[in-house]
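Reader: I'm new to reading structures. Can we go through one together, in short steps?

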Amino acid sequence: MGKVYIFLADGFEEVEGLTVVDLLRRAGIEIETVSIKETRDVVTSHGISLLTDRIFRETDFSDADMLVLPGGMPGTRNLAAYKPLTDLLESFYSKGGRVAAICAAPSVFGSLGFLKGRKATSYPSFMDQLYGAHTCEEAVVVDGNVTTSRGMGTAIQFGLSLIQQLLGREKAGEIAESIVYSC
């Protein structure tokens with residue numbers, strides 16, 4: 001198995017990003033945080049400073065199994081505006097690569113045309129930006145190689161869904177049990 005990369009921009013929602021990192025690492029999945037800035041320093045939507053594992057321009061994504069976008073504002077707008085990332089997403093998606101986004105970030109997939117004819121979800125005020133999607137209010141929606149989720153309150157379900165997709169239902173259940181999570 002390759003890696004999962006999660007892209008962080010100033011203004012990302014820390015719970016949506018770091019919950020995914022935490023859960024996937026607990027499952028033994030190699031996940032790397034990637035700054036879209038020229039430095040590893042990123043400030044979350046609630047003013048928490050952190051260092052990412054990597055900088056986008058110095059990273060080779062050829063070993064990626066999945067690309068993940070957390071939501072938050074203005075983090076989602078920053079991700080959508082970073083052309084090297086949208087180019088990577090388009091190339092990866094066109095080859096059948098798995099992509100996942102939560103909260104406002106599925107709107108990035110909507111603008112790239114990934115959601116046409118697919119079932120998808122997002123934060124309520126971003127549903128109208130899921131262009132061409134069959135929208136719903138489920139916590140997590142997996143349609144082919146695209147996973148979308150509603151927001152901070154669904155971050156654990158989102159992370160467990162990614163584990164299930166990569167390692168199976170049993171491993172996702174094991175991780176859910178280890179964190180005393182029940183849905």
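Reader: Which residues is Glu16 in contact with, leaving aside its neighbours within four places in sequence?
Author: Glu16 is in contact with Pro70, Gly71, Gly72, Ile102, Cys103, Gly151, Met152 and Ala155. Contact means heavy atoms within 4.5 Å. A note on the source: this is a predicted model, where local features need pLDDT of at least 70, side-chain atom pairs count only at pLDDT 80 or more, and totals for chains, interfaces and linings use all residues. Residues are numbered from 1 along each chain as its sequence is written, and side-chain values use heavy atoms, with hydrogens and water left out.

Reader: Where is the place of Glu16?
Author: Glu16 sits in helix H1, residues 14-26. Helices (H or I, at least four residues) and strands (E, at least two) are DSSP runs, numbered from the N terminus.

Reader: Which side chain of opposite charge is nearest to Glu16?
Author: That is Arg150, 10 Å away. Glu16 is buried yet has no salt bridge. Buried means under 20% relative accessible area, exposed over 50%, and partly exposed in between (1.4 Å probe, protein chains only). A salt bridge is a side-chain nitrogen of Lys or Arg within 4 Å of a carboxyl oxygen of Asp or Glu. For charge, Lys and Arg count as positive and Asp and Glu as negative, while His and the chain ends are not counted.

Reader: Which backbone nitrogen does the side chain of Glu16 reach?
Author: The one of Met152, at 3.0 Å.

Reader: Cys103 was in that contact list. What is the phi of Cys103?
Author: Phi of Cys103 is positive, about 70 degrees, although Cys103 is not a glycine. Cys103 is in the loop between strand S7 (98-102) and helix H4 (106-112).

Reader: Is Cys103 buried or exposed?
Author: Cys103 counts as buried because its relative accessible area is 10%.

Reader: What about Val180: what is its phi?
Author: Phi of Val180 is near 60 degrees, a positive value in a residue other than glycine. Val180 lies in the segment after H6. Val180 has 75% relative accessibility, so Val180 counts as exposed.

Reader: New topic. Is the peptide bond from Met73 to Pro74 cis or trans?
Author: That bond is cis, with omega near 5 degrees. Pro74 is in the loop between strand S6 (64-69) and helix H2 (75-81).

Reader: Salt bridges now. How many does the structure hold?
Author: There are 13 salt bridges in the structure. One of them joins Glu32 and Lys3, with the closest N and O atoms 3.1 Å apart.

Reader: Where do Glu32 and Lys3 lie?
Author: Glu32 lies in strand S2 (residues 31-35) and Lys3 in strand S1 (residues 3-8), so the pair ties together parts that are 29 residues apart in sequence. Glu32 is buried at 11% relative accessibility. Lys3 is buried too, with a relative accessible area of 12%.

Reader: How far apart are the closest N and O atoms of Arg54 and Glu32?
Author: They are 2.5 Å apart, and Arg54 forms a salt bridge with Glu32. Arg54 lies in strand S5 (residues 54-55) and Glu32 in strand S2, so this pair ties together parts that are 22 residues apart in sequence. Arg54 is partly exposed, at 28% relative accessibility.

Reader: Which residue forms a salt bridge with Glu174?
Author: Lys171 does, and the closest N and O atoms are 2.9 Å apart. Both residues lie in helix H6, three residues apart, about one turn of the helix. Glu174 is partly exposed at 42% relative accessibility. Lys171 is partly exposed at 21%.

Reader: Which residues do salt bridges that share partners join into one network?
Author: Lys3, Glu30, Glu32, Arg54 and Asp63 are joined into one network.

Reader: Last one. At what angle do helix H5 and helix H6 pack?
Author: H5 (residues 155-167) and H6 (residues 169-178) pack at about 145 degrees, with their axes 7 Å apart. Axes are lines fitted to C-alpha atoms, for helices over the stretch in contact, and angles run from 0 to 180 degrees between N-to-C directions.

Reader: Which residues meet there?
Author: Leu160, Ile163, Gln164 and Leu167 in H5 meet Arg169, Lys171, Ala172, Ile175 and Ala176 in H6.

Notes: Polar contact = N/O pair within 3.5 Å; in protein donor to acceptor, adjacent residues only side chain to side chain.
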